[in-house]
Structure formats: structure tokens, C-alpha cells
Amino acid sequence: MGLSGVRQFLWAASFSSTCVLLAVLLLRRRAASLSAFTFLIAFYVAKTLVLFSLAIHFSIRSRPYALTYWSLSYVDDAIQFAVFYELVKQVFCPTGVWARDTRRAFQWLVAASILLALGLAMLASPPTARWYETYLLRSNFFVSVLESGLFVGIMVLSSTVGLPWKTHAARVAQGFGACALTSMVLEGTRNYFGLGPGQRAYGVVAYIETVIYIGCMGFWIVSLWQEAPAPRELPDAMLMQIYTLQRRVENDLVRIRNWRRS
Amino acid sequence: MNLRSLLFVVLVGLVFAGLTGVVFRYALRTRRSSQATWEEILGRLAHLDREKIAAIALDAIDDSGRQNFMLEPDAIWSMLGGMEGMELLEKNCQVLIELATYVQRWHPEALVVAEQLRLNAREIEWHIGRLKGATSTGNLQSAFADYAQRAVATYYLMTRHVLELYEQVSFPELAQLKQAI
């Protein structure tokens with residue numbers, strides 16, 4: 001298999017924590033509101049099983065393992081963006097449609113994050129022997145910077161416009177944000193040291209990455225196991241009055257928008 | 001280490017520090033806001049001269065819907081207390097947004113209406129933002145009357161409705177609320 005004892009232990013720990021998280025999502029019925037996230041965790045379980053069997057039959061330095069590993073990492077990135085979209089929809093579409101005051105800001109956020117990630121990835125010049133290694137290192141770094149920008153951006157945007165997060169969605173986003181930020185530093189380190197002789201830096205980063213992954217799984221297991229605070233009851237009379245208030249404010253706004261100062 | 005690598009390390013470090021700083025700042029803000037009670041949020045409303053606000057608003061649109069526009073921009077400016085007054089108005093709008101957020105968080109059945117209130121308060125903020133933009137480009141004179149009066153009138157009508165609402169539900173801190181808005 002070609003793995004050290006510590007690496008095997010970390011692999012087992014990350015696999016079991018992922019399985020526990022999947023069980024929590026299913027048993028506590030979080031999968032309905034977090035379907036993309038649940039799919040991502042199920043994908044992680046399947047990915048580990050596939051890679052583990054390849055490592056046993058071949059070796060972690062074999063070509064089939066490397067090919068599968070890198071292909072699956074791109075699938076992983078694609079699903080992570082689907083999770084991002086799922087979280088964004090829950091926050092910025094509170095009534096089912098996109099909140100009109102956030103649309104443009106969100107487009108700017110995506111554009112700025114892409115530009116930032118692209119700029120930093122272009123600046124990286126990892127010392128590698130083959131062109132595709134450079135591509136792989138840079139693309140991983142690009143994704144981590146992009147995710148960091150997006151997760152931090154939606155946090156700032158939601159706070160600025162006053163849109164609340166649902167408890168579980170907030171926890172998932174916090175975990176992703178923390179992982180993306182640390183991943184940005186780790187992928188940056190990989191791009192700085194590259195795949196030089198012995199690949200020592202790459203291996204050390206892989207250890208740290210696994211430990212952070214396990215920590216993140218632990219955070220999600222605990223926070224998704226707990227129930228969200230129950231909503232408070234609003235008396236029917238007050239609900240009706242709030243509706244009346246909103247209608248009157250909306251009527252006033254229509255009048256004010258149509259003003260023309262001669 | 002060549003210049004490009006050095007620049008890469010410095011930029012990654014700066015971006016990481018910047019993003020982490022932003023995360024901590026906004027996490028604290030969100031935490032404070034999510035733990036605040038209804039009364040605490042109301043307590044943040046700044047005092048504005050209600051009579052002057054009403055005079056500016058009613059100059060633009062009275063209860064019968066007639067438009068007057070008798071007040072000159074200079075008069076509106078001094079009645080409001082200049083940009084400082086607009087800043088206070090903006091602060092109060094943020095409180096109104098927080099009130100709407102509170103309703104969205106704790107009373108999901110009133111989600112639609114709370115979202116509308118939030119959007120309306122954001123619209124006032126937008127008018128004030130235009131004024132700030134006009135100040136920085138030196139076009140305040142031409143933009144002031146239009147944006148300021150719209151913002152004040154929207155604020156006035158919105159707060160008047162909020163007060164009516166609380167009068168109906170016999171909110172215990174109504175006197176304090178009336179004084180604040």
C-alpha cells in the first residue's frame with residue numbers, strides 16, 4: 001500500500017468521521033434541507049473506499065491511483081460549489097426568489113473572487129518536473145482561494161443586508177469557510193515548495209490537511225446533531241398587523257418612488 | 001527566493017490575514033445581532049427630531065397624497081442637521097433592518113412581510129448612500145433635495161406605521177419607542 005502508520009491512522013480517522021457525519025445527516029433528517037451537502041459527504045465516503053482499494057491493489061504511487069485521485073478531486077470541487085449554491089439560496093432567497101438588493105452585490109462578489117483567485121494562481125510558480133503537475137497545483141490553489149473569497153463574501157453580504165442564516169446552514173458554511181481559508185495557506189505552501197525532490201513539503205501539508213479535515217468533520221457532527229433553536233410563536237393578531245403594516249409601507253414607497261420635484 | 005516567489009508569499013499572507021480579519025469582525029457582529037433581544041435592538045435607535053422629520057416628509061407628500069415641495073434644499077439641509085442628521089437616519093435604518101431580521105429569525109411565519117420591511121429600510125439606506133456619493137463628487141447641492149426628502153419621507157412613514165402597529169398590540173415600551181423614533 002505504501003502508507004506510513006501515522007498516515008494509515010489519519011486515513012482511518014478521517015473515513016470513520018465522514019461515515020459518522022453521514023449517519024448524523026440521515027438519522028437527524030438534515031439531508032432534506034442540506035441535500036447537496038449530504039451528497040458531498042456520501043461522495044467522500046465512496047471516494048475513500050475507491051482510493052483505498054486502489055492503494056491496496058496497486059500503490060499510492062501508482063498511475064491508476066494518481067489518475068483516480070486527481071479526477072475525483074475535480075468532482076469534489078464541483079460538488080463543493082453545488083453546496084455553496086445550496087447555502088446561498090437558503091440565505092439570499094428567503095421568500096423563494098432572490099432578494100433584489102443582493103443580486104448585484106453577489107455578482108460582484110463572484111467576479112471579485114474569481115479575479116483574486118486567478119491573479120494569485122497566475123502568480124504562483126511551483127517548481128515541478130512536468131507541466132501537468134504545475135497545472136494541478138495551481139488549479140487546486142485557485143479553487144481554495146475562490147472558495148475562501150466566496151464564503152467570506154457571503155458572510156459579509158448577509159450581515160450587511162440583514163439576512164439571517166438558518167442555524168445548520170450557518171454551521172456548514174462556517175466549517176467550509178474555515179477549511180477554505182486554511183486550505184488556501186496549505187495550497188499556497190504547496191505551490192511555493194512545488195513537487196521537488198522527496199516531496200517532503202507536499203507530504204507534511206497532506207498530514208495537516210487531513211487533521212484539519214477531521215476537525216471540520218467533528219465540528220459538523222456536533223453542530224448538526226444538535227437541534228436548531230425553535231421558532232417563537234407569533235400571535236395571529238400580531239401577524240395580521242404586521243401584514244397590514246407591510247402593505248401600507250409598500251403603498252407609501254410606490255408614491256415616494258413616483259415623486260417628481262418640479 | 002526570487003522576486004516572484006517573494007511577491008506570491010507576501011500576497012497570500014496578506015489575503016489570508018485580510019480575509020481572516022473580516023471573518024472575525026463579521027462573526028462578532030452577527031453573533032451580537034443574533035443574541036440581541038427585541039428591546040435591545042429598539043434601544044439602539046438614535047433620537048431624531050420627529051417634528052422636523054414630519055415637516056420635511058409632509059412637505060413632499062401629505063396625508064391626502066398631494067405633493068407640495070415648498071421647502072428649499074437649504075432649509076431641508078438645516079432642519080435635518082446636515083450630513084450628521086442623515087447619518088443618524090441611516091443608523092436608525094440599520095436598526096429597522098435588524099428588527100426585520102429579528103422577525104425573520106424567530107417568526108418564520110412572518111417571513112414575507114419581514115423581508116419586505118427589510119427591503120424598504122434598505123431603500124432608505126440607498127437614498128442616503130446616493131447622497132454620500134454626491135458629497136464626495138461635489139454634487140450634493142443638486143442631489144440633496146431629491147434623495148434626502150425621499151429618504152426622510154420614507155423613514156417618516158415607515159416609523160409612523162411601526163408606532164401604529166405597537167399601539168395596536170399594546171407594546172409595553174411604547175413611550176420609549178415613540179421617543180426614539
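The buried residues of α7(A) are covered by elements that include α1 and α6 of chain A. A residue is buried if 20 or more other C-beta atoms, placed from the backbone, lie within 10 Å of its own, and contact means such C-beta atoms within 7 Å. Helices are DSSP runs (H or I, at least four residues) numbered from the N terminus. This is a predicted model, in which local features need pLDDT of at least 70 and side-chain atom pairs count only at pLDDT 80 or more, while totals for chains, interfaces and linings use all residues. Residues are numbered from 1 along each chain as its sequence is written, with chains lettered from A and ligands numbered from 1 in the order in which they are written.

**Helix α7(A)**
- A:M217, A:W220 and A:L224 are buried in α7(A).
- The 26 residues of α7(A) should span 38 Å at 1.5 Å a residue, and its end C-alpha atoms are 38 Å apart, so the two values agree; the expected span is 1.5 Å times one less than the number of residues.

**Helix α1(A)**
- From first C-alpha to last, the 23 residues of α1(A) reach 33 Å, close to the 33 Å expected at 1.5 Å a residue.
- Buried residues in α1(A) are A:T18, A:L21, A:L22 and A:L25, and the buried residues of this helix pack against α2 and α7 of chain A.

**Nonpolar cores**
- A nonpolar core is a set of buried Ala, Val, Leu, Ile, Met, Phe, Trp, Tyr and Cys residues joined through C-beta atoms within 7 Å.
- The largest has 50 residues, of which A:L87, A:V91, A:V145, A:F151 and A:V172 touch the most other members.
- At least two residues of this core come from each of α1 to α7 of chain A and from α1 (3-35) of chain B.
- The largest share of this core, 13 residues, is supplied by α5(A).
- Leaving out residues up to four places away in sequence, A:V145 touches A:L116, A:A117, A:L120, A:A121 and A:M184.
- Another core lies apart from this one and has 33 residues, among them B:L48, B:A100, B:F144 and B:V152.

Notes
Buried ≥ 20, exposed ≤ 12 C-beta atoms within 10 Å, placed from the backbone. Contact = placed C-beta atoms within 7 Å.
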